[in-house]
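Hello,

Here is the structure I promised to pass on to you. Please have a look at it first, and then read my notes below.

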Amino acid sequence: MKERIIQSWILILGFFAIVLFSPPTAHAYLDPGSGSYIFQLLIGALLGLTFTVKTYWHRIREIFGSILKKMSNDKEEDQNTP
Amino acid sequence: MIRKKTKILPSSFRDPSGFLFSDKGHLYRQVNLVYKKNYERLIQSGLYKKLTKENLLIPHKESLHEPHIPESAYKVIKPKKITFISYPYEWSFSQLRDAALTILKIQDLSLEHGMTLKDSSAYNIQFLEGKPVLIDTLSLEVYKKESPWIAYRQFCQHFLAPLALMSYIDVRLSLLLKNHIDGIPLDFASKLLPISSRLNLSLLSHIYLHAESQCRFAKSRPKLKGHFSLQQMKGLIDNLKSGVKSLGWKQPRTEWSEYYQRTNYSREAFEHKKKLVKSFLGKTNPKIVWDLGANVGTFSRLASDQGIFTVAFDVDPVAVESNYLKVKERGEETILPVVMDLTNPSPALGWAQEERDSLTARGPADTLLALALIHHLCISNNLPFENISSFLVKNCRYLIIEFVPKEDSQVKRLLSMRKDIFGNYNQKQFEKVFSDSFQILKREPIKESKRILYLMKKR
């Protein structure tokens, strides 16, 4: 579930960036080919990132899990030492 | 000049890699020299074996048949025959959805073998033994590293856009594919889809933003030599897959969806009708059966369960959907549900009106079932017997038809709402008119019913 939320956030922020920074609409004759090609390149980085996150989600969770555990252990030690 | 005895299929002209041609009713595919490297990779990489094993690609045999255009030919192959060609505007929601997922699955497997799809047209998918398969073997080509998916636009237009429209607005919007032979333009789909569809991130990107991009970069020449890594490509396919899967469809109740719960047959009448239809089918010994107004395919299965290939036509996409879901559940291979409005059947479409065949051009059927149908055509649609007879005779050799008289409760219901201008709607007139084109072989009243079942043969 959490992985979906992170993926969604990456996509949302990415798309807002694309939409905000793109040039204004041209009322030109529609040649869909080049637009689709460029669009793929634009979203490519985001798609690659979310797919990597998705595939390695478990490893990332493990790493974060162990870091948090270590942090709480250190905190406990500090509290226990007089 | 020697006249060639083989003929190129008029719908097969866009791809320089090869084309389909026919010889005495048999279909062959000429593979051109330009495609040679791709064909070799397809076979040697094991991709062909993998895809055919998983029922994703149409199997073929290499043929010694002479090529239609020898100068450009590398090979001739003979693909397995598709008994009935159907088109995406004739499919129910899940049929289109399964076709979309098939394309994506093929692309995933192809990438694993160093290949990619250069086309993702919905017309490259046909139903073979109950499952959607890719029939255009030549649309697989060697994957060039760092290249984006060239078939992306087509996938969005042929699959994602119509599925989104069917899911968010109305299932009947698949009929838009009749007018838009290269899929639904994305700017059009964007305008039609409700704002709530933008909350679906896949639709937001692959339809709405994609359309914006098409518009903005319409005249650009992409100067960036696009770097699109394999990981990004996999991400794209995965995202499209999630997008398709996220589109559901809650089946509405239509006037036909609970038909069999509301019919006026008693148990005995129903069983007798089934017995008669089965017996008449036996007498005609068909290879292909068309069931017109098949609803969920109850009577179609009297033929298909015996291994006879049956096309189950119905105007109601909900009924066709139910039928198709049953086909999947039971793993049936001899029945194909198709959406078809008999009062306005699929016309010939495409360039020179030769790319997509009309309904009649895809026939005739050996035996045609027209059960519980005639009163709807005559009374609800004002069709005279003559017009119905002349249409049916063009599409079959044998006809199993049920006459539903005015005394029947369903007809009374239809007449209750309108003026009875159907002075000629009676059994005598029905037989008189149909005898012009057909020879009446059998006439059997259905027990505990006022209906009569006929077996007729085209004259």
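This is a predicted model: local features need pLDDT of at least 70, side-chain atom pairs count only at pLDDT 80 or more; totals for chains, interfaces and linings use all residues.

Side chains of opposite charge can pair when their charged atoms come close. Over all chains, the count comes to 27 salt bridges.

One of them joins K105(B) and E54(B), with 3.9 Å from N to O. K105(B) sits in helix α3 (residues 93-112), while E54(B) belongs to the loop between α2 (47-53) and β4 (60-63), so this pair ties together parts that are 51 residues apart in sequence. K105(B) is partly exposed at a relative accessible area of 43%, and E54(B) is partly exposed too, at 34%.

Another salt bridge runs between K80(B) and E129(B), whose closest N and O atoms are 3.0 Å apart. This pair also links distant parts of the chain: K80(B) is in the loop between β5 (73-79) and α3, and E129(B) is in the loop between β7 (125-128) and β8 (131-134), 49 residues apart. Relative accessibility is 32% for E129(B), which counts as partly exposed, and 39% for K80(B), also partly exposed.

Further along, D420(B) pairs with K406(B), the closest N and O atoms being 3.2 Å apart. D420(B) lies in the loop between α15 (409-416) and α16 (427-437), and K406(B) in the loop between β14 (396-403) and α15, 14 residues apart. Both are partly exposed: D420(B) has a relative accessible area of 42%, and K406(B) has 22%.

Finally, K273(B), E402(B), D408(B) and R451(B) are joined into one network by salt bridges that share partners.

Enjoy exploring!

Best wishes

Key
Residues are numbered from 1 along each chain as its sequence is written. Chains are lettered from A and ligands numbered from 1 in the order in which they are written. Side-chain values use heavy atoms; hydrogens and water are left out. A salt bridge is a side-chain nitrogen of Lys or Arg within 4 Å of a carboxyl oxygen of Asp or Glu. Helices (H or I, at least four residues) and strands (E, at least two) are DSSP runs, numbered from the N terminus. Buried means under 20% relative accessible area, exposed over 50%, partly exposed in between (1.4 Å probe, protein chains only).
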